[in-house]
Structure formats: C-alpha cells, structure tokens
Amino acid sequence: MTVERIGIAGDGIAHWHDQTLYLPFTAPGDRVLAVPTAPRAKGCEGRVVGLIAAGTGRVAPCCHHFGVCGGCALQHLSPALYRETKLDGLRRALRRVGIDPQIVAPLRQVAVARRRVSLGLVHPRNRRQTGVIGFRERFRHNLVDIAECPVMEPALLALAMALRPLVPMLLPPGGRAEATLTRTDSGLDLLLTMPEEPPLPALEALVDFAHRHDLARIVWRSAAGDRPVIQRRPVRIVRAGIAIGFPPGAFIQPSETAEALLVDEVSAAVGGARPVLDLFAGLGTFGFALAASGPVHMVEGDPMAAAALAAAARGCAAATVERRDLARDPLPPEALAAYRAAVFDPPRAGAARQAEALARSTVATVVAVSCNPATFARDAATLIAGGFRIERLVAVDQFVWSPHLELIGVFRR
Ligand SMILES: C[S@@+](CC[C@H](N)C(=O)[O-])C[C@H]1O[C@@H](n2cnc3c(N)ncnc32)[C@H](O)[C@@H]1O
C-alpha cells in the first residue's frame, strides 16, 4: 500500500481496501508491504515488513534507535516536509471547528535540547547484571535500551546512562519503574517512581550516585507519597528573577529556548493590560514575567505547585496566588470581570469550562497556550462563539521530532 499522509499521532496513514492502517516511521509516498497488528478506534495499527519504494520526502534519521524507539516519530522527514507535517494536524483541527487555517504563522523552530524527560526502567528477568533504561517502543510496552538520544540535553543523557547499572539494585527481577530527570537552576533533580521502596543497599548506592554526579536531589515516589532519598541543596527554578521551589517532578516547559519564545509571545500579546490572570500557572512561567509590569493573579490546581508559587509570590508584590481546580470550578464571569486580560495554559485536555466562562466574560484579551491542537481548536471555537476574534496563532516546535506542537493563540474582543 502507499502511505498517504502523516496522522496527528505521527504515524503514516494508508488504506487497505476499506481499512485505515497506522504505520509508524513511514513517510508520505512510501510504498510498503505491511501487516495489520492490533485494532485501533478508527482503524488498525500496522507494522511495515518491507519498504518497496521510498517517498520523496525521506531523509536519513540522525539517531540509530529511530524506527524502534517511540520517542521520535518524524526524524526521517526532509526539513520542508517536516515543517509541513507539523502544521498539517493543526490546520485540520482548525478546519474542523470552522477556523481559517491561514491564521497559522510559519513554524517557529528551536534547537533540540530537552531539559526534562521521563524514562522507563526495567530489570529484565533474564539479565541479572544490567538494567534497561529508555523510551517505549511505538505501540508496545517494551523499552528501548537507549545508548544515544539527540533530543535530551547532554547532561540528562549522561545521567540516564550512569543510572542504568543501578537498576538491578533498585528493582527486583521483572520490576519496572520510571525516572523523571529535570535540569533545574539548582542542578539535576531525579524523581524515581516505583511501587516498592528501594532496599537499603540501593538507597546507599543512590546517595553515593547523587554525590558523584552532583545531583541536587533524589526523591522516591510511591502510592504512599514522596520520600526524599537525598537533598544536597534547595531545588529551585528562577523565573523573571524570582526563585521558586521546585516540587519533585513538577512541570516546566521542556525546552528552555521554547519557553523564552513563549514568554515573549505571551508578554507581547498581553501588553500593558493589567490586572491579568495566569490560569493553569504551574510554577509561574508567565505570571512572574507579567508581574514585572503590574498585578497578576496566578491560579494553579496542583497543591504542591500552588504552594511553591504562593511561597515565591511573597517576594513579588504584584503577584497573588490561588489554588483552584479550573476543570471542575472555573473562574466564573463575575470573578473574571476584575481582569483586563487572561492567559491560560492547560494540560492536554484543554480548558473547556474555563474557556466557556471567558467567552461569557468582559475580559478583552485572552492568550491561549496549548500543547494539543485538538483541544486548542475546541477552546478557540468557544471563545470565537463568545465574540472574540483570533488575531494571531503561532506554533512553536518545542517537542522536536515528536508529533506534538506548542501553540499560542491571541484572542481579542
Ligand atoms: C501545561 S502546564 C503549564 C504550566 C505553566 N503555565 C508553565 O508554562 O510552566 C499545565 C498546568 O496546569 C495545572 N493543572 C492541571 N489540571 C488543572 C486543573 N484542573 N486546574 C488547575 N490547574 C490544573 C498543572 O498542574 C500544570 O501546572
């Protein structure tokens, strides 16, 4: 069959009689021999067993794990096809809700360097000495034992490689865990999410590991809560000159350069409108930047992030903080009336109910930041139905080689 296009999840889409097949790591125009594997909601996952002829937009991928590792989906596309593919899913999502895709600005690209990454750990039953650390294979639970990764900042990759020999000590044979590695402004932070407490020799080895690799902190997370293994210094990030305590595994924008770009776009769109709301504020990426020129109210649902924000806001007279679940209990139009602008940056599920309340409010400027074109389009349509027009839409390629995209939409009445 012939691959027609790349779908929103990064897989090539082909048709075999009436069936839609999703074929990872293929390119438009590829002529392939493939077998269906598992059914999916709207078709079937497939595996390519032979490439008969390559499509014209193919290039050699830069990582030797490409084609197995599920971390990257689009490394094999030429620069022009890559840019086109990244924006294609967004344009389709916009068209579905009646927004003219011509509003989309050219893709903003940033250097590939992730400062936050989550990796799987496995102690295979059949390999007593060596653990496995890496990303999952596409459509499978198997981990790819990575030896290289062009996506991560080199310090994160070096840390992952150094962690591998400890895995058999941390986990029983057959055991699995997750490691979240983040480069904060205090250095590297490691969160290990695993059901059982590591045995004493493993805890001692982790302490030694933290000293040898100059880690800021190691935390073990289980269903019972977080337990510090070692903290060598306070763990913080600094935003607009304000130091914010970094809760284990907390969200930060994965690329430092992309974050700077997002902050510039948001600040330019909000301009001098104050007071302004920062909804789904996280650790105040946008809020503290905006607070440099007037009052900002930051709202965040996660208890640990909200507490860290509140503590940091004591050092910033223009910032106030509220902990609130904006999915269940969005700020209503009466409360929104006090603000001239609002920024929202929700998780992938979007901000459906908060967008509805903003649509019914008197707020004049809304800046929507999103990592999911589908929910962005839905929330944008809600704002437009409430009387906003979309003035600008910028896509930032912060998740390089993945199908994901970061968006900033500017809406005004
Ligand atoms: C994509 S992050 C954005 C964080 C921040 N704006 C930034 O740029 O770093 C989404 C944030 O929304 C928060 N969040 C998720 N669900 C929420 C909810 N129902 N109510 C309020 N905040 C929520 C998360 O804890 C997270 O901090």
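User: At what angle do helix α1 and helix α10 pack, and how far apart are their axes?

Analyst: In this predicted model, helix α1 (residues 79-96) and helix α10 (residues 373-385) pack at an angle of about 30°, and their axes are 9 Å apart.

User: Why is α1 called roughly parallel to α10?

Analyst: The angle between the two helices is about 30°, and angles under 35 degrees count as roughly parallel, so α1 is described as roughly parallel to α10. The crossing of the pair is right-handed.

User: What makes β8 and β12 the edges of their sheet?

Analyst: The open sheet has 6 strands in the order β8-β7-β9-β10-β11-β12, with mixed pairing. Strands β8 (132-134) and β12 (225-231) each have a single partner strand, so one side of each is left without a neighbour in the sheet. On average, neighbouring strands of this sheet are turned by 20° against each other, direction ignored.

User: How do you know that β7 and β9 pair?

Analyst: Pairing requires at least two bridges, and 7 bridges join β7 (residues 116-122) to β9 (residues 176-184), so the two strands, which run antiparallel, count as paired. At V122, the bridge partner in β9 is R176.

Conventions: Residues numbered from 1 in each chain as written. Predicted model: local features only at pLDDT ≥ 70, side-chain atom pairs only at ≥ 80, totals over all residues. Helix = DSSP H or I, 4+ residues; strand = E, 2+ residues; numbered from the N terminus. Axes fitted to C-alpha atoms, helices over the stretch in contact; angles between N-to-C directions. Parallel < 35°, antiparallel > 145°, perpendicular 65-115°, else oblique. Left-handed = near helix turned anticlockwise from the far one by under 90°.
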